[in-house]
Amino acid sequence: EDPETDSDDIENKIQVPENTTLLELIEFLCNGPIRERRDCNDYGVNQHLWELKIIPAGRSIESFGAAKEGKKYELCKPSDNTMPNLCELKDDLDCTDIVSTKQLVKNLNSLEVGGCIYLMYDYGTTTELLLSVLSVEECINSKLSLCILNDEVIYDGEVNENDIQQVPAFHLPKEQQIDAFYPNFSKNFIGKGHPMNAVTLGLSSRITRQDDTVFSSMESSSNRGNDVFFCATPFDDMNKFLTLGEEAWSSSKGAEISLSCTSRHIFPPNNREAYNKFQEVHESHPMKDFGPHIIALYKEKIEIKNQFDFSRTFPKTTQQLTSGKFRWIRYSNFKKGSVLKIIVGRGFGSNNRMMKKSQILRKWNKRFESFHELLCAVEASWKHPQDNYLSELGDVILTEHDIDLGPSKPLPEEPPILCKKEDTIIVSSSEGKQQPGVTALAVATTHNNTPVLYSGHENGIICKWDLTTNEIIWKRQVFQAKMVGKSTDLGHEDCGTPTGIRGIVAKESSSSQTNSNTYHEIFTWSHGFEPNSATPSKLKVLNGEDGMLLYSLTCEFDDVDAYPLISCVVFSKLKYNDEDDDWDEAIIVGLQATTEILEDDENYSDFDLEEAEDFAHGNILPFVDKVANESWRGHSGTIRSMAAVPDKFIVSCSECPGHRFAEMIILWCTERPGIPLHRIDLEKSTVQRKNPSLFHPVNSFQGGISIFKNKILLGCDYGDMIVPLEIIENESNGSSACTTTTCNIGQSSTLSMEGYAKIGYNASDLGGTYKGCLVGSGNVAIINNESCGEVWVFPINSIGQNPAIDTDLRRRTSQEMDDLVVGDTEFDAHNKILKAQGMADGQIYLPRQEGDTGPEVLAMKGRWVVAGYSCGTILRSTLLPETYGIEESTIEGGSSSNLFASSYLGESGIN
């Protein structure tokens, strides 16, 4: 079966005896149908890699490249002078399980009517075949044989030359025929210039948007099946279409390049936007210098210099092709012959050029000598299918094909742009001067609602800015600036990691509750890779009014020589005294330290706090009244991020040492500090021992965290993935659910991961070296990747219920993980990303700065969004719409945008 026709439009039938092996079938196909579709001497069974898939009956195959449901076999370790073996495809790349080809006959015999065999031959210049099982019957012939079916008449009545000759235009002298006026376009359309596999003309598909259409295509037979001519948008004047098409095929631009390495694109006069977008995409494509030579033609006014009138010569065809309905023709050229099909209704399949038998008004098995003769056949074919093809089709609406003319795979509308690049406002510019990179940001408001910004820099300095005037208020050297060398994976020292500011949280001082002169306490910490450091990490607290040091909190353990680094800080009340209802204001610090933990189930039903405290120190350290309390045990890996539901829950995320995969997420109880309630294991060591080759789709916490009420949004995979979580809370019926060493809330309060979505930053393609950042304010989170200027704005509370969220959280092999990124087809993967982006409430476009990078850190509070760059520049967007400030003002905890959510955004220092 030709892979571009529907299964009910069979062109060849193959008789397969029951003792046929799969390898014998492949040899037969290579010497027959494959050979017919390829260049000379390029069809042998052992000349190229090929892939075979057996698809059971009842499975739908929308695109031939995506037929992954069936059993799959691949060429495996062929020797130079012997026939290749077949092996069942394994998860790993080294396929060692050889299966005898004689044993595979049972797979072929097990096929039922409706089943399929899909063959993809040659991963470079690919040829595809799909074989459908039409019948299972007694076979007299014991050898494989190929039967050419008689051409099946599509409508009642015989197709003959008289039908063409009845078209008035057929009798025009050659000098008045269309080929004389458009010679280059005409000869290439019928394959007499550049050899073509198939060409189309007319509206054949509308895919993702109203303007995402295909009007004409010419598919080369020598350029890996790629299009050498393409017109997406329909023309309402066929003379203008032909004039521009002729110019595209006559262009001398790039004449030194062969015709097969040139791709021609034309655009109608009313669609400059599509032309500009095409040029922008082409110019920004990283492989533009290695792909085909591009000719793109657009003209505001197309001057028609000849006297040929398409609408007068072919009036019926003009009416159909310019009707706005799916009316199109397809002309295929094969060595065995040529086929012209006149089609109604949208195309489908991998390139949207397949059709069902019921869509074909007429089929001509004929090799046409001229474009004019072909169009005469088309002109004779516009007959009404529901009237025995006796009356003219005209402007009749065909219910099956003409009611729905919208996109076949509609995409969500693109989120609104909340701020354009040119509208951003400079707070501090690095232009013309060397500035220390921005490493941390926090936005807050003063007692008179003046928005201020605290910026931390890689040289250890913190600055305070007035965001209404963009003027600096004060600058303080808080930590010493020094660079510490770090061994890389390549075994040499890199340029070093700055031990400057690594985090800032602005919190209204507790003493200001009765003081109208409100000021902020600025919590800040430094971070660097110092494995031999003899200095404990300190959390410094500054007076927001003048930047002077108020006090410091030292993160250390009396009986441990190592000094863990600080990764993140959140705030909540904790209840340490069981005898009264008093709660203590606490500062909860996440540490970059690994430790040993007990093996507990995910609901901690057997957790004992005293036993855990005796076992080892934890890596979450709470401070009450400036004194460190017992650390919390639960994570073995380093803490990457934390979030707090004030006075109720703490959520913490950790990553494994070394490879830094996401380790686990733990829900903690604030009523009984240090007691975990529930855990989600991602790459926990115990899981790895059971399934060492399976991976969770959420495998990186590098990106950030934000929280709104009981909803959490994680930024993962360098800002390329968002992961919604929900804390499912169960009340304790008015009585305390916690005892001295256990917490009964844990029996019912759980943490649920609702799914994930990738938003298209492709961090793996960027070498995995870029930072991602997610921060939030109220019910809004913003996320970006340092390689890009786009910032996406997501609503936290509704993301988990959005159908664009992938809820399949099962573990996968490394190959299946790659398939998650690539998708079944390139279109499917892109479509999935666009749907994820469609969940956003808006976009903020920020300009790139020195080094062609986007922002490294973000901060948000209400309507204010600020971005900091590694070059030292600080920008802010225009104010977001007023609705963005409503929910922020109702949240307990004062004016900080990151008071209850904190994450370390840099590279982890623990290996």
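Arginine 272 is partly exposed, at 38% relative accessibility. Partly exposed is the range between buried, which means under 20% relative accessible area, and exposed, which means over 50% (1.4 Å probe, protein chains only). The model is predicted, so local features need pLDDT of at least 70 and side-chain atom pairs count only at pLDDT 80 or more, while totals for chains, interfaces and linings use all residues. Residues are numbered from 1 along each chain as its sequence is written, and side-chain values use heavy atoms, leaving out hydrogens and water.

Stay with arginine 272. Its salt-bridge partner is glutamate 300, and the closest N and O atoms are 3.0 Å apart. Arginine 272 is in helix α7 (residues 272-284) and glutamate 300 is in the loop between β13 (293-298) and α8 (310-313), so the bridge ties together parts that are 28 residues apart in sequence. A salt bridge here is a side-chain nitrogen of Lys or Arg within 4 Å of a carboxyl oxygen of Asp or Glu. Helices (H or I, at least four residues) and strands (E, at least two) are DSSP runs, numbered from the N terminus. Glutamate 300 is partly exposed too, with a relative accessible area of 47%.

The structure holds 24 salt bridges. Glutamate 856 is buried, at 9% relative accessible area. Aspartate 808 and arginine 812 form a further bridge, their closest N and O atoms 2.8 Å apart. Aspartate 808 is partly exposed at 26%, whereas arginine 812 is buried at 3%. Salt bridges can also join into networks: one links Glu219, Asp227 and Arg353.

Now step back to the whole protein. The secondary structure comes to 16 helices and 49 strands. Of the 911 residues, 55% count as buried. A contact means heavy atoms within 4.5 Å. Among contacts with a separation of 6 or more, 63% are between residues 24 or more positions apart.

Helix α1 covers residues 22-36, and its 15 residues should span 21 Å at 1.5 Å a residue. The end C-alpha atoms are 20 Å apart, which agrees. The expected span is 1.5 Å times one less than the number of residues. At cysteine 30, shortly before proline 33, α1 has a kink of about 40°. That bend is the angle between axes fitted to the seven residues ending there and the seven starting there. Buried residues of α1 include Leu22, Phe28, Cys30 and Pro33.

Helix α6 (residues 238-250) has 13 residues and reaches 18 Å from its first C-alpha to its last, close to the 18 Å expected. How many of its residues are buried? The count is 10 of 13, so α6 is mostly covered. Among them are Met238, Phe241, Leu244 and Trp249. At the start of α6, a side-chain oxygen of aspartate 237 comes to within 2.9 Å of the backbone nitrogen of asparagine 239.

The largest nonpolar core has 68 residues, and Ile587 and Ile665 touch the most other members. Strand β35 (residues 662-669) gives the most to this core, with 7 residues. A nonpolar core is a set of buried Ala, Val, Leu, Ile, Met, Phe, Trp, Tyr and Cys residues joined through side-chain atoms within 4.5 Å.

Serine 641 is in strand β33 (residues 638-645). Serine 641 counts as buried, at 1% relative accessibility. Beyond residues up to four places away in sequence, serine 641 touches Cys568, Val651, Ser652, Cys653, Ile705, Leu714, Ser902 and Ser903.

Finish with two loops. Lysine 626 lies between β31 (620-624) and β32 (627-628). Its phi is near 70°, a positive value in a residue other than glycine. Lysine 626 is exposed, with a relative accessible area of 53%. Tyrosine 718 is in the loop between β38 (711-716) and β39 (721-728). Tyrosine 718 also has a positive phi, of about 60°, although it is not a glycine.

Note on methods: Polar contact = N/O pair within 3.5 Å; in protein donor to acceptor, adjacent residues only side chain to side chain.
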